[in-house]
Amino acid sequence: MANPFFALNFRPNVALVSVVRRFVVEFFTQFLDDPDSTSRIALATHELLENGVKYASDEETNLSIEIRSDDTGRTVVIQTRNRAGTGNIAKLRELVDEMNQQDAMTFYQTLMRRSLGTPLGCSGLGIARIRTEGEMSVELNIDNDTVTIVATARA
Amino acid sequence: MTTLNFPPVQEGDLFIEATGVASSVSVRFAGTADMRAHAPLESLLPALHAEVTRFEATEVVVDFRKLEFMNSSCFKVFLTWLAKVQELDAERRYKLKFLSNGTIHWQKRSLEALRCFATDLVTVEG
């Protein structure tokens, strides 16, 4: 059986993000016997798409989700791609670099404290939540003004 | 007898209802707390905190059992609420007990994170 996969290219708005999240739950419930893994995928998808709504410079975001199976088990790969401004890209890169150098929960708690003084959308809590609560690794690929975020986890 | 002054709220997909009895306040959240709910929540939770303080409650039971999803922006509003409670003088500080739904899996992790943020205030049941 082929690896479950879907891709969406759209202009997300705030209402559509929740619609897609519910679709992701329905879609992956068909393939995973693990509601917790499905929930983690849905959480990560929601947070990544909301980042797209907030930061995509041309309002277009590409989302893909795949479950890859091999002899060692299943891996979920969630990827979003959109264009973003230079300042936002720099902040995102700094956040992901800092996050990936630390223990997930320790960094999450640090960011929670730090977020209390930040305006909406600047805290980075969504990305940290993907790593900690989603139990996913988060990698960033930047090509000029195109940002690809890849979240990966065992499922 | 003091009455809690916090009418039910429906903001988009999010419903919030609070009741107060004796020294305990119960707040029920239902629906979805996503980006649409963030701005209303940012004004509602401080208003609730002020009302809970006026009510002199020693405990707030926060019922999440019908909350389908909460995004990180709304999660941050709860962090701000907890920080406000921590800033109160010790005798006015109230506890928060979160009721969770075991079938809504994100809740276990998010509420554990909230508990770790404010271990002096937060307990989680369910």
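## A buried histidine in chain B

B:His49 is buried, at 12% relative accessible area. Buried here means under 20% relative accessible area, using a 1.4 Å probe and protein chains only. This is a predicted model: local features need pLDDT of at least 70, side-chain atom pairs count only at pLDDT 80 or more, and totals for chains, interfaces and linings use all residues. Residues are numbered from 1 along each chain as its sequence is written, and side-chain values use heavy atoms, without hydrogens or water.

B:His49 lies in helix H1 of chain B, residues 35-55. Helices are DSSP runs (H or I, at least four residues), numbered from the N terminus. Leaving out residues up to four places away in sequence, B:His49 touches B:Trp81, B:Lys84, B:Val85, B:Leu88 and B:Tyr94. Contact means heavy atoms within 4.5 Å.

## The A–B interface

Chain A puts 31 residues in contact with 25 residues of chain B. The area buried between the two chains is about 2,500 Å². That is the accessible area (1.4 Å probe) lost when two parts are put together, summed over both. Carbon and sulfur atoms give 55% of the area buried between chain A and chain B.

## Salt bridges and helices

Five salt bridges cross the interface of chain A and chain B. The rule asks for a side-chain nitrogen of Lys or Arg within 4 Å of a carboxyl oxygen of Asp or Glu. A:Arg21 and B:Glu68 meet in a salt bridge, at 3.1 Å from N to O.

On the side of chain A that touches chain B, helices H1 (14-29), H2 (35-55), H4 (104-115) and H5 (125-132) of chain A each give two or more residues. H2(A) gives the most, with 10 residues.

Technical notes. Chains lettered and ligands numbered in written order. Buried < 20%, exposed > 50% of the residue type's maximum accessible area, 1.4 Å probe, protein only.
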